[in-house]
Amino acid sequence: MTKLRMYPVALAVLLTVGCGGSGGGNGAPPEEDGGDATTRQTIDSEDGATPLTLDSGRLAEKQAMLREQEDFNEAMNSYWTVSGVLFLFGDIEESLQNVPGEPDGSLVEVPDIPVNGTINCTNSGGTAAVEGSGEESSGGYRILFDSCRVDTSAHGSFVLSGSYLVDWSESEDTVDLLVTQHFDITGQQLNSEGQTRDIQVKGSLVSSTTKLWKPDPASTLEEPKPDILVGFDANIQWPVLEVFIGSDYFALRDSEFNFVETEGEVSFGWNVDLISSVMGGAISFTTPVEMVVTEGDSCASYGHLLLEGDGKIEARYGVTSGRRTGMELLINDSEVIFLESCGVLLPI
């Protein structure tokens, strides 16, 4: 079976370590209450920040309170709700390539280089129309959903309407890959009992990946051997990506994540502006010291996360912590919580 050339799926596979938690909360976006405004974020972008579209509660103008460990947990969950869109749509794309086609149960075939065509969804009357073109080194495609039910392998079932646009390019030696994704999607998420909750995804993200190589030590002038692939250097940027799940609103704006994997060691860095109705406002999320995780470990060997809003929370890992192991949370320069293992508090 031939398949649509869906590079975001490949990128999601590359970032398998980023399999983070799910978002949550059940509070509606708060009404304006005259709370403290932050000069770091404004909905009308007077400070140069990229404008938001769906932030009707003007949450970006309010600093979220950071007072206790649960606020750290909510921040991690809120971050993953938005950043997890990369994995969600990778799953959706892959699932679209395996939907029943004809009444005999045969699978729909989508060519490697996208052409105009329609994919029949798993529900009667739902469609996903594919429009696109491309060459070996670059291309683009758009999927237009019309009440299309997609049953994914890892994220459950969705009924989607709207557009999803992807542009991609790669260097001739496939070392560098650049993928841009645009979302303007509305729909419902279905659970196993048939209940639904509304979802909306609007905005874009840009992903770039570079393969890292080293010379084969066995290579000689007489017997030259190709270089050995030792890892990847990846970067994800969110100019703005907004997500509604039920009545909960989440967004990343002017944000960036860096990921480098080399021979069993992974390093991470964030520079994120996160907005969350569950948290009641906006926070910044940075790494003054990049985080490093060795393959097989449950916690970073070192690193420093800094969350700032109305208050601040610092997380120090491994040798960067006061105890040189585990994870240490410092809340507003006073309360210190030490955990032997990171568990779900490791934001990767």
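Predicted model: local features only at pLDDT ≥ 70, side-chain atom pairs only at ≥ 80, totals over all residues.
Helix H2 covers residues 69–83. At 1.5 Å a residue, its 15 residues should span 21 Å, and the end C-alpha atoms are 21 Å apart, in agreement with that value. Eleven of the 15 residues of H2 are buried, so the helix is largely enclosed by the rest of the structure. The buried positions include the aromatic residues Phe72, Tyr79 and Trp80. Also among them are Asp71, Asn73, Ala75 and Met76, and the run Ser78, Tyr79, Trp80, Thr81, Val82 and Ser83 is buried as well.

The structure holds one disulfide. It is formed by Cys121 and Cys148, whose sulfur atoms are 1.9 Å apart. Cys121 lies in the loop between strand S1 (117–120) and strand S2 (127–134), whereas Cys148 lies in strand S3 (residues 138–151), so the bond ties together parts that are 27 residues apart in sequence. The torsion about the S-S bond is about -105°, and the disulfide is therefore left-handed. Both Cys121 and Cys148 are buried.

Ser171 is located in the loop between strand S4 (157–170) and strand S5 (176–190). With a relative accessibility of 22%, Ser171 counts as partly exposed, since burial requires a value under 20%. The C-alpha atom of Ser171 is separated by 9.7 Å from that of Thr210, which is 39 residues away along the chain.

Side chains of opposite charge can pair when their charged atoms come close. Nine salt bridges are present in the structure. One of them joins the side chains of Asp184 and Lys202, with an N to O distance of 3.5 Å. Asp184 belongs to strand S5 and Lys202 to strand S6 (residues 196–214), so this pair connects parts that are 18 residues apart in sequence. Asp184 is partly exposed, at 35% relative accessible area, and Lys202 is also partly exposed, at 24%.

A further salt bridge links the side chains of Lys312 and Asp333 (3.4 Å, N to O). Lys312 lies in strand S12 (residues 311–318) and Asp333 in the loop between strand S13 (327–331) and strand S14 (335–339), so the pair ties together parts that are 21 residues apart in sequence. Lys312 is partly exposed, at 25% relative accessible area, while Asp333 counts as exposed at 52%. Arg316 forms a salt bridge with Glu314, the closest N and O atoms being 3.0 Å apart. Arg316 is partly exposed at 21%, whereas Glu314 is buried at 7%. Lys312, Glu314, Arg316 and Asp333 are linked in a network of salt bridges.

Note on methods: Residues numbered from 1 in each chain as written. Heavy atoms only, no water. Helix = DSSP H or I, 4+ residues; strand = E, 2+ residues; numbered from the N terminus. Expected span 1.5 Å × (residues − 1). Buried < 20%, exposed > 50% of the residue type's maximum accessible area, 1.4 Å probe, protein only. Disulfide = S-S within 2.5 Å. Salt bridge = Lys/Arg side-chain N within 4 Å of Asp/Glu carboxyl O.
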